[in-house]
Structure formats: structure tokens, C-alpha cells
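Try each one before reading its solution.

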Amino acid sequence: MSHLDQQLDTYHEQGYLVVPEALTPDEVDAVNAAIDGDLEADTPFWIEREDGHVRLNVHMLLAHEEMDVTMRPPSLLPILQGILGQDLCAEEHSVRIRRPFTGQPYCHWHRDCGGWPQLGDPPGSDTHYVSVAYYLSDVDGTTHTFSVLPGSSSREQGLPPLDHYDLATAHHIEGAKGTAVVFNAGMFHAGNVRRSQVERRTIHIYCGRP
């Protein structure tokens with residue numbers, strides 16, 4: 001079995017896949033430098049979320065060519081095509097910064113668009129839309145994480161609500177900057193906010209079918 005087949009099997013089983021070194025150190029540095037420059041320029045495209053704890057920008061791909069590698073990553077394209085097929089198309093690109101936090105930790109679990117039940121069963125992989133979360137910061141037990149509930153994208157039981165699942169089985173994903181989390185956007189996922197003295201940067205992309 002090839003490495004790609006093993007990766008796709010993991011995705012089919014869990015609804016997500018962790019890919020270390022999806023971006024090289026030089027690519028991460030270039031992307032972070034572009035973000036720093038955009039912040040220093042005080043462009044009008046940054047918005048605040050979660051009572052100011054999150055800064056979000058959905059226009060960086062249009063303004064900074066350094067972002068191109070995150071939309072068409074050579075390390076991930078075979079995986080994305082294996083999930084969605086050769087005709088996958090881009091849907092969304094966003095940069096997110098979770099600031100340091102001293103309040104009560106929280107984890108807002110959600111499925112994007114409720115898992116799109118109105119679209120019926122997708123063709124293969126239980127996936128209408130696949131998302132990638134890139135870590136642009138080192139993520140460990142002292143930082144905010146991206147978190148998932150494995151198996152919660154399966155449609156065999158009709159996409160049951162959150163209380164159907166044991167939250168103790170959640171995976172709070174740690175990894176070095178450059179790591180990518182490829183996940184079914186219809187599974188329960190969340191930004192896991194901890195008490196932390198450092199910010200966490202991520203880029204999120206969405207892909208679907210035309």
C-alpha cells in the first residue's frame with residue numbers, strides 16, 4: 001500500500017488527517033512575513049471575532065502572492081484530489097490569529113452548515129467540503145489548538161448532534177509550524193482556546209466540487 005493510500009485510509013476512518021511539514025520552514029516564514037506586513041500596514045480587511053480574541057482576514061490570498069502555496073500545496077493536492085476527485089475547486093481562504101488568553105477555556109464545537117444534510121449523501125468519503133488548517137505557529141500543550149471529534153462526519157447514523165459523542169475522545173491536535181490538518185468540514189471541529197501567553201496563527205482553506 002502506498003503512503004498516499006495509507007493517508008486516505010486514515011482520512012476515511014477518522015474524518016481527518018494530520019500532515020507534518022505540509023509547508024516548508026521557508027514557506028511558513030514567507031507567509032508569516034506577509035501577515036506581519038499586512039498587520040503593520042493596518043489594512044482594512046482585518047475583522048474581530050469572539051469578543052476580539054480572534055483576528056480574521058479573508059483577503060490575504062488576493063493581495064499577497066506568498067499565500068499561493070497554501071491554496072495549491074504540492075504536498076496536499078494528491079490527498080485533496082483523492083478525497084474529492086480531480087475536479088476539486090477552491091472555495092475559501094482565511095488567515096486567523098488567536099490572541100493570548102487569560103479567561104475561561106472554551107471549545108465551540110460545530111459542523112460547518114450542520115454537515116450540509118440538505119445536499120444528501122456525497123459521492124465518496126462522506127465529504128461535501130474538505131478543509132485544511134495550516135499551523136503557522138508551533139502548537140503544543142501550552143497553546144490554543146485546532147480540535148476535532150473523530151468519526152463525527154460519518155452519515156451512517158444521520159449526523160447526530162454533539163451530545164451523541166463523548167467529548168473525552170476529542171483530538172486536540174499539536175504540531176510544529178508547517179503542519180496541516182486535512183478534515184471533513186462536516187465533522188465536529190473547533191478552535192480549542194486555552195489559557196495561553198502566546199498567539200496561534202493558522203490559515204484555513206476550503207475546497208469543494210464544481
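**Exercise 1.** Which residues lie nearest the centre of the largest pocket, and how many residues line it?

*Solution.* Before we start: this is a predicted model, where local features need pLDDT of at least 70 and side-chain atom pairs count only at pLDDT 80 or more, while totals for chains, interfaces and linings use all residues. Residues are numbered from 1 along each chain as its sequence is written, and side-chain values use heavy atoms, leaving out hydrogens and water.

Step 1: find Arg 49, Glu 50, Arg 96, Arg 98 and His 110, which lie nearest the centre.

Step 2: the space inside comes to about 360 Å³.

Step 3: look at the strands (DSSP E runs of at least two residues). β3, β4, β10 and β11 each supply at least two lining residues, and β4 gives the most, with four.

**Exercise 2.** At roughly what angle do the axes of helix α1 and helix α5 cross?

*Solution.* Step 1: take α1 (residues 3-14) and α5 (residues 77-84); their axes come within 10 Å and cross at roughly 55°.

Step 1: spot the contact (heavy atoms within 4.5 Å), where Leu 4, Gln 7, Leu 8 and Tyr 11 of α1 meet Pro 78, Ile 79, Gly 82 and Ile 83 of α5.

Methods. Axes fitted to C-alpha atoms, helices over the stretch in contact; angles between N-to-C directions. 1 Å grid on protein atoms, 1.4 Å probe; cavity = no way out; pocket = protein on both sides within 12 Å on 5 of 7 lines; lining within 4 Å. Points joined across faces, edges and corners; volume = space filled by probe spheres on them.
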